[in-house]
Amino acid sequence: MSESSDPASLGPNVRQTAAEMATGDRTETLLQTEDLVKTFGGFTATDSVDFAIEEGELRCLIGPNGAGKSTLLKLITGTLTPTDGAVYYNGHDITDLAPNKRVDRGISMKFQVPSVYGDLTVRENARLPIQQFADGAERRQLVRESIDAAGLSGYEQVEASTLSHGQQQQLEISMAASLEPDLLLLDEPVAGLSVDERAKIAERVTRLNEDEGIAFIVIEHDTDFVGEIADKVTVLDEGDVFREGSIEEIESDPAVKRIYLGEDDGGDE
Amino acid sequence: MVAASTPSAITRLRNRLEGPNTIGNSRRFWTALALVVVALIAFPVVGGTGSQFSLFLVLGLLGLSLSLVWGYAGVLSFGQVVFFGIGAYTFGVVSINVPTPAGITGAVFAGVLAGAVVAALLGYFMFYGGVRDVYVTIITLVSTLVMLTFMAQTAGSEWTIGSAALGGFNGMPAIPLLTLGIEGVFTFQFVFNDLELFVPVLGVVNIDPFYYLSLAVLLAVYLGLRVLVNMDFGRVLVAIREDEDRTRMFGYDVERAKLVAFTIGGGLAGLSGVLYAARNVYIDPSVFQLYFATLPVVWVSVGGRKSLLGAVSATVAVEYVRLSLGGELALVVVGALLLVSILVLPGGIIPWIDDKLSDGRLDVSDVESPETPPEATEP
């Protein structure tokens, strides 16, 4: 509704960390939420969340079950409509924008449960997002690259439902990334994966982030994985931002440990 | 130049007609289809009852409309008969009021358009109103019953549009014979067994031109839908059927795609209704009855909803069986057929046969040792 033409006037200023201010990095805010509230009946899933990430940043979102991580992601994609508050993307208010229009603007997502199309072959899966913007030889080339990037060359004619869990995760990341987004949301990309498969996903995410400049918001419980990939970690608790900082800061924070374990364990690992 | 471009034109045509969303992507399939078409062309000539069979072909269009909407877009609609009936009644009203060749030709288009427009309106409110899954089924089912109740009370003289009386349960008789063309240019009237054809050996045979019209229309619609479902748009429909939310998050306007498919399905059902009314020169509200509303779902389930070929062959086969048996027995057999297909072959008969055939083909090509086939060893 209140879409303004002046990006600078939109939303509150981004909180920069001391380190960023010291190095003088000039980065643009990519996504910002303002007092984002979502209630389901009497239950408050997110409680006036102020959250922001910058272009090309790789942010992990952690927190105990029911902290509001998935809800926050769905509010960003537009799958859920907020009860109150606003979402800004590249300086524009996208709160009332339909999910598919947000995808057009550069927000893409990998679902929590691998959501490849099980009855379709790997090639048909990979083709679907690409057919929107590429044709002929370019389309074939992009589809091939997308399948290669997922490590699925040779599996083109295989039905996606017969792939392993890890392969499906890789395929879906490929499909989400083939839209050439500016922001890619991953909901628990390594849940249930082996150490080996987890390392492959970590490498993939890092490469997409560093080489193609895609910003990420990754929900993940696995702190080793988070430590491997994240620039910065946001801890959500009871529907609001609880802490923000580097993985070391977060890991050594006794308060974070407390909310995760639900009790004071005296700092004993 | 023409000669040089011919092979590539055939290849291009085949590329459009074939794809992952249809059964029959081989030369063998096209040969078989050509044989079936030739057999259907010869059928009335060699003494088959073409008049009855044309009904099955007309209903084949109705089956195809549900296959597109349910099998491809994933929208289980019990409302195809609504668009079918509206197409039929619109054809009746327009053709009775303007019984000239151009008027009747226009009535055909009016019937198709009416089916599509009503489907678009109903679809718009459902899909953009956030109605999904089983609720779409319930709404479409209720709309057939609403139509039944409404049409059943149109017996009074106030329910007359121009010179066409809707007639309540008595229906609308005296729909003029289907005539296509424009006066003074070219017109053709579809009179039953009016065409005389000299066939060697058999002598002079009377054939029904309407049968050939319905065969041609059905074939054209089948091939047209094959192109549609293998296009980018068809692949989006399949993706929506498989996972609506995932498809939306790839940037697709899911509601619009479903609306377009539903509207096309409505137009096809309307076309089926037009031909149904034209064939019987009569239409009554029984087409909105629950029994008739469930038939398309039975045909498409039995044949294989995700297959156009399955939908059209099962429509013809089930209707043949149903009308041959007649009465209560037909009800029992159709019900049993539905149950058995859901329990034993949930994917439908035609996809199952296709699976078996392609397994067979794989076996043949996988065998590398030059073993003698078992048939050859038998005395």
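A:Arg207 and A:Glu203 form a salt bridge, with their closest N and O atoms 3.0 Å apart. A salt bridge here is a side-chain nitrogen of Lys or Arg within 4 Å of a carboxyl oxygen of Asp or Glu. Both residues lie in helix α7 (residues 195-212) of chain A. They are 4 residues apart, about one turn of the helix. Helices (H or I, at least four residues) and strands (E, at least two) are DSSP runs, numbered from the N terminus. A:Arg207 is partly exposed, at a relative accessible area of 37%. Buried means under 20% relative accessible area, exposed means over 50%, and partly exposed lies in between (1.4 Å probe, protein chains only).

This is a predicted model, in which local features need pLDDT of at least 70, side-chain atom pairs count only at pLDDT 80 or more, and totals for chains, interfaces and linings use all residues. Residues are numbered from 1 along each chain as its sequence is written, chains are lettered from A and ligands numbered from 1 in the order in which they are written, and side-chain values use heavy atoms, with hydrogens and water left out.

**Salt bridges**

Over all chains, the count comes to 20 salt bridges. Three of them are set out here.

| Pair | Closest N to O distance |
|---|---|
| A:Arg207 and A:Glu203 | 3.0 Å |
| A:Glu172 and B:Arg246 | 2.3 Å |

Take A:Glu172, which forms a salt bridge with B:Arg246. A:Glu172 lies in helix α6 (residues 165-177) of chain A and B:Arg246 in helix α9 (residues 244-248) of chain B, so this pair joins two chains. Is A:Glu172 buried or exposed? A:Glu172 is buried, at 0% relative accessibility. B:Arg246 is buried too, with a relative accessible area of 0%.

B:Asp245 sits in helix α9 of chain B, and B:Arg132 in the loop between α5 (101-128) and α6 (134-152) of chain B, so the pair ties together parts that are 113 residues apart in sequence. B:Asp245 is partly exposed at 29%. B:Arg132 is also partly exposed, at 29% relative accessibility. Salt bridges that share partners link B:Arg132, B:Glu244, B:Asp245, B:Arg248, B:Glu255 and B:Lys258 into one network.

**Surface patches**

Patches are made of residues with over 30% relative accessible area and no salt bridge; like charges are joined within 9 Å, and nonpolar side chains (Val, Leu, Ile, Met, Phe, Trp, Tyr) within 5 Å. Accessible areas come from the Shrake-Rupley method with a 1.4 Å probe; for residues, only the protein chains shown count as cover.

One nonpolar patch covers about 650 Å². Its residues are B:Leu113, B:Val117, B:Leu121, B:Tyr124, B:Phe125 and B:Tyr128. B:Tyr128 belongs to helix α5 of chain B. Its relative accessible area is 40%, so B:Tyr128 is partly exposed.

A negative patch is formed by A:Glu138, A:Glu180, A:Glu210, A:Asp211, A:Glu212 and A:Asp231. Asp and Glu count as negative, Lys and Arg as positive, while His and the chain ends are not counted. Each charge is placed at NZ of Lys, CZ of Arg, CG of Asp or CD of Glu. Which helix gives the largest share of the negative patch? That is α7(A), with 3 residues. A:Glu212 is found in helix α7 of chain A. At 53% relative accessibility, A:Glu212 is exposed.

**A sheet in chain A**

Chain A has an open sheet of 4 strands in the order β2-β1-β4-β5, with antiparallel pairing. β2 (43-54) and β5 (92-93) stand at the edges, each with a single partner strand, so one side of each has no neighbour in the sheet. Two strands pair if DSSP finds at least two bridges between them. Strands β1 (residues 29-40) and β4 (residues 84-89) of chain A run antiparallel and are joined by 5 bridges. A:Thr33 stands opposite A:Val87 in β4(A).
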